[in-house]
Amino acid sequence: MEIKTSEYRIWVEDAVIHYEGTMRLSGTEAYQPIMAMMNDVLESQPEEITLDLVGLEFLNSSGINLLARFTIEVRKQKSIAIAVKGSTRIPWQSKSLPNLRKLHPSLQLNFV
């Protein structure tokens with residue numbers, strides 16, 4: 001599975017969802033195809049899902065909302081763990097990603 005534009009790319013390898021580029025989509029509806037891909041991974045019932053955001057330079061508030069909603073969906077599936085991989089060199093990640101832990105306390109957050 002892959003979604004690719006001139007600004008960003010999202011692809012899935014096993015239960016790792018990779019994000020790279022700049023995502024400035026307008027509103028929640030524009031993020032629906034991405035949420036559908038993420039939900040496909042969730043529905044496959046892996047032991048753990050990893051969101052690899054290391055290559056994602058920018059994500060607007062609608063995109064951050066997408067990550068929050070997905071984190072809540074994973075929390076509802078008590079048998080599935082979630083890990084988020086971010087980069088300390090990208091300011092929005094070190095500011096916004098720790099908030100996902102408030103939504104899912106057992107979320108593993110790793111910065112590289």
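How many residues lie between strand 2 and strand 3 in their hairpin, and which residue in the turn has a positive phi? In this predicted model, 2 residues separate the two strands of the hairpin, and D14 in the turn has a positive phi of about 55 degrees. The pairing of strand 2 with strand 3 is antiparallel and extends over 6 bridges. Within this pairing, W11 has H18 of strand 3 as its bridge partner.

Strand 2, which spans residues 8-13, is also joined to strand 1, by 3 bridges in the antiparallel sense. K4 faces R9 of strand 2 across this pairing. Strand 1 and strand 2 likewise form a hairpin, here with 3 residues between them.

These elements belong to an open sheet of 6 strands in the order 1-2-3-4-5-6, with mixed pairing. Strand 1 (2-4) and strand 6 (108-111) are the edge strands; each has a single partner strand, so one side of each has no neighbour in the sheet. On average, and with direction ignored, neighbouring strands of the sheet are turned by 15 degrees against each other.

Strand 3 contains G21. The C-alpha atom of G21 lies 4.2 Å from that of Y8, although the two residues are 13 positions apart along the chain. Leaving aside residues up to four places away in sequence, G21 touches E7 and Y8 as well as G55, L56, E57 and F58.

A parallel pairing is found between strand 4 (residues 48-59) and strand 5 (residues 81-86), which are joined by 5 bridges. L51 stands opposite V84 of strand 5. D52 lies in strand 4 and K85 in strand 5, so placed that the pair links distant parts of the chain, 33 residues apart. Across the whole structure, the search finds 4 salt bridges.

Helix 3, formed by residues 61-76, lies across strand 3 (16-23), strand 4 and strand 5. Relative to strand 4, helix 3 runs at about 175 degrees. Its other partner considered here is helix 2 (residues 32-43), and these two helices pack with their axes 11 Å apart at an angle of about 20 degrees. Helix 2 and helix 3 are therefore roughly parallel to each other, and their crossing is right-handed. From helix 2, the contact is made by Q32, I34, M35, M38, N39 and L42, and from helix 3 by L66, L67, R69, F70, E73 and V74. By class, this contact comprises 8 nonpolar, 2 polar and 2 charged residues.

Terms used: Residues numbered from 1 in each chain as written. Predicted model: local features only at pLDDT ≥ 70, side-chain atom pairs only at ≥ 80, totals over all residues. Heavy atoms only, no water. Pairing = 2+ DSSP bridges. Helix = DSSP H or I, 4+ residues; strand = E, 2+ residues; numbered from the N terminus. Axes fitted to C-alpha atoms, helices over the stretch in contact; angles between N-to-C directions. Contact = heavy atoms within 4.5 Å. Parallel < 35°, antiparallel > 145°, perpendicular 65-115°, else oblique. Left-handed = near helix turned anticlockwise from the far one by under 90°. Nonpolar A, V, L, I, M, F, W, Y, C, P; charged D, E, K, R; others polar. Salt bridge = Lys/Arg side-chain N within 4 Å of Asp/Glu carboxyl O.
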